[in-house]
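Hello,

Here is the structure I promised to pass on to you. Have a look at it first, and then read my notes below.

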Amino acid sequence: MGDQVSGSRPYDVAVVGGGIIGCACAFNLRRAGLGVLLIDRGVPSNAASWGNAGHFAYGEVLPLATPALWAQMPRLLLARHSPLRIPLSSFWTLAPWLARFAENTRPSQVERATSALASLLAPAPAAWRRLAEAAHLTDLIRASPLLVVARSQAALVSKRPSIEVSRRHGTVIDEISTSEARQIEPLIRPDVAGAFVYRQAQYTTDPAKLTRRLKEAYVEAGGHAALDDIGTLEAPGDGTVKVGSWVARQCVIAAGIGSRDILKSIGLDVPLAAERGYHIMVPYVDGQPTVRTPIIGAKPEFVITPMDEGVRLAGTVEIVREDAAPRWQRARMLKALAEQIVQPIGEPSDESKWVGCRPSLPDSLPAIGRIARAPGVIAAFGHQHLGLTMAAVTAEIVAALVQLKGAPVRMEEPFAIERFFNSGRRAPPKAG
């Protein structure tokens, strides 16, 4: 970690949030020659950047909210192995967010969100290549086929429409037979119905190490880092931004779910909710066959990723308050789900279970761009389960915005945070 510097001198940019997006933004800004301060709370094991499934999901152009969700809702909410859980208590506490989420299942909104996600995902692979090479991270990123495996014929059929949407936006995906899938990954069960293959996929063998090494590369490039839990943000109108006790000319808010409370101090009540996920790790055992190819279950959806320290089983979504007590059966069920499509892979380690919050906005799109009421503040949060995938392209956009250059993606609607305070809704009061 860099020096713990004083807050008396103004930095060119302060970046709040030490996850993969914050570190990517800080690294790119420092490479551009700016004086950068990266501020982090210092609890990486609770963060989505530490515990995610490790996939670069460049083909995931569909938003979470779609019309098909309504027909699936009873199964999603009541089935024991449902990939989605919304406890009854959340319906009351998260009612405004859930209402906005429901609004975004309209076909017109789904089309809008799909096009917006595709506009970020299309340049994401090249952006990650540039970032990985510049920060010397290429050894942590592996090219591999990725299999989407359907246990049943019904699961195979239900997956085809979303696969076709990804194809229309340029992702190459082939439908293959069970025998072809087993040639790619021999541990797949012979009785599954079939699979789809992304032949040019990527994943990281250690998400935590990837984030840590990116932060180290930033510090080695001359960036400063500080441990602080930022609670307030001020834009006094004098050309600076006060971030807690730190002062900078511009500020990037990339604090994940914590971005919501930070922005309340400038009068923005951002509809950010915790899309909570789980993982468990199955350690490698000498002589025991194990999965060597990343796999996604088709229905229900979950992820199997071979990593440096073992096979990670990840997935499930809970829409809950971020401080709700973990339901560890959500993690334990992942092994049973995995062994419906692959042969037994061993016993998970109890010490490795994880729960963390992915920051989600109700239209499934991130907030990226300058905040109109505080132009020195740039939003870079709300990437839901695509934070790892979109980190590099988000960092390039943020660097362009900070330097007043043309961004690689249009930053007006649909990524402006103001989209939640317009369209006939009463805007929040201005700060001050």
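**Aromatic residues and the nonpolar core**

At 6% relative accessibility, Trp-97 counts as buried, because the cut-off for that word is under 20%. Please keep in mind that this is a predicted model.

Trp-97 has a ring partner, Phe-101: their ring centres are 5.2 Å apart and their planes are at 15°, so this pair is stacked. Both residues belong to helix α5 (residues 95–103), where they are four residues apart, about one turn of the helix. Phe-101 is buried too, with a relative accessibility of 15%.

How many aromatic pairs does a search of the whole structure find? The search turns up four. Another of them joins Phe-56 and Tyr-58, with ring centres 6.0 Å apart and planes at 25°, so these two rings are stacked. Phe-56 has a relative accessible area of 5% and is buried; Tyr-58, at 14%, is buried as well. Together with Trp-128, Phe-56 and Tyr-58 make up one aromatic cluster.

Leaving aside residues up to four places away in sequence, Trp-128 touches Phe-56 and Tyr-58, and its other contacts include Ile-20, Leu-137, Ile-141, Leu-210, Leu-388 and Ala-392.

Trp-128 also leads us into the largest nonpolar core, which has 57 residues. Which of its members touch the most others? They are Val-15, Leu-29, Trp-128, Leu-210, Leu-214 and Val-252. Elements that each supply at least two residues of this core include the strands β1 (11–16), β2 (36–40) and β17 (374–381), and the helices α1 (20–31), α6 (107–121), α7 (124–134), α10 (207–220) and α13 (387–402). The largest share comes from α13, with 11 residues. Apart from this core lies another, of 33 residues, and Leu-37, Val-243, Ile-266 and Phe-381 are among them.

Finally, there are two places where a charge meets a ring. The charged end of Arg-292 sits over the ring of Tyr-284, at 5.1 Å from the ring centre. In the other, Lys-353 has its charged end over the ring of Trp-328, 4.6 Å from the centre.

Enjoy exploring, and write back with any questions.

Best wishes

Key
Residues are numbered from 1 along each chain as its sequence is written. This is a predicted model: local features need pLDDT of at least 70, side-chain atom pairs count only at pLDDT 80 or more; totals for chains, interfaces and linings use all residues. Side-chain values use heavy atoms; hydrogens and water are left out. A nonpolar core is a set of buried Ala, Val, Leu, Ile, Met, Phe, Trp, Tyr and Cys residues joined through side-chain atoms within 4.5 Å. Buried means under 20% relative accessible area, exposed over 50%, partly exposed in between (1.4 Å probe, protein chains only). Contact means heavy atoms within 4.5 Å. Rings of Phe, Tyr and Trp (its six-membered ring) pair if their centres lie within 6.5 Å; planes under 30 degrees apart count as stacked, over 60 as edge-to-face and the rest as tilted. A charge sits over a ring if NZ of Lys or CZ of Arg is within 6 Å of the ring centre and within 35 degrees of the ring normal.
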